[in-house]
Amino acid sequence: MSDRKLILSVENLAVGYDVELISKINLEIRAGEIIAIVGPSGIGKTTFLRTVAGLVRPLAGEISCNAPRRGGIGYIPQRLGLVRHTSVYHNVDLGARSGTPFWSEPLTWFNRRHTRVLDAVNRMGLVEKIDEPVRRLSGGQQRRVATARTLAQRPKLILADEFLSELDDDNISIVLDAVKEYMKESESAMIIVEHNIRRAAEISDKLLQMNLDGKLVKFVDYELEPLSEE
Ligand SMILES: Nc1ncnc2c1ncn2[C@@H]1O[C@H](COP(=O)(O)OP(=O)(O)OP(=O)(O)O)[C@@H](O)[C@H]1O
Ligand SMILES: [Mg+2]
């Protein structure tokens, strides 16, 4: 894995607002890798993702991201931040508009954008819902819209905050497979915050835990129980 392109490196990072939540965070993530972060509610997982996404100022340390400045980091928020009264198309197009550069002549900009929207909607299995207002979709479908919006941006680093919540097992596989396929094609990486430890362990290459002592550590002291035979 170590010959893969380095996508993100974080050194001695401290995150928080008025008070520091988590400090001395050190991690590297390379193309194709998925890092999952678990930890108790309110510990600072979302704050960490928001800091990497550039939405919260780091309290200390360095973040360097090897991705286009524009659109290179795709953030799927825990609270999805969709425009509920407009269509799936419109919401996904918001990602495409703010996405990574197309490197093409301006005349074809609209078509390229349109292609990105259709591709992302298709990957998330939302073709039938494309003209539907978002507020009429189920919770799980809305999560897929938020994921499609991020894929339409064509990011190099995906930051996903509990994005598998409200999905049943079949939908989790569909969404995960689609995101992994995108990651493979685009040589991108993903950091996912996930409250379900078993799922986090299953889908990630590396599992990290935010601890009550304010540190991010490798997840060790948990024995995953064997899946019951059904
Ligand atoms: N905008 C903000 N300004 C000040 N404090 C905040 C802000 N957002 C969150 N906090 C505080 O920071 C702490 C960590 O919040 P955060 O959302 O990062 O936790 P979390 O680990 O993602 O929790 P959960 O698992 O419940 O989503 C909480 O105590 C919260 O009240
Ligand atoms: Mg959170």
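Author: Start with strand β1, residues 6–16, which runs antiparallel to β4 and is joined to β4 by five bridges. This is a predicted model, by the way. One spot to look up in that pairing is S9, whose bridge partner in β4 is S64.

Now zoom out a bit. β1 and β4 belong to an open sheet of three strands, ordered β2-β1-β4, and the pairing is antiparallel.

Next comes the helix. α1, residues 45–52, packs on the sheet and touches β1, β2 and β4. The direction of α1 makes about 125° with that of β1.

α1 also matters for finding your way around ligand 1: three residues of the shell come from this helix, the largest share. Around ligand 1 you'll find Y17, L21, G39, S41, G42, I43, G44, K45, T46, T47 and Q78. Sorted by class, that shell holds seven polar, three nonpolar and one charged residues.

Where they meet, 18 residues of domain 1 are in contact with 16 residues of domain 2. On the domain 1 side, β1 and α1 turn up again, along with β7 (189–193) and α6 (197–203), as the elements that give two or more residues. By class, that side has 12 nonpolar, three polar and three charged residues.

How values were computed: Residues numbered from 1 in each chain as written. Chains lettered and ligands numbered in written order. Predicted model: local features only at pLDDT ≥ 70, side-chain atom pairs only at ≥ 80, totals over all residues. Pairing = 2+ DSSP bridges. Helix = DSSP H or I, 4+ residues; strand = E, 2+ residues; numbered from the N terminus. Contact = placed C-beta atoms within 7 Å. Axes fitted to C-alpha atoms, helices over the stretch in contact; angles between N-to-C directions. Near = placed C-beta within 6 Å. Nonpolar A, V, L, I, M, F, W, Y, C, P; charged D, E, K, R; others polar.
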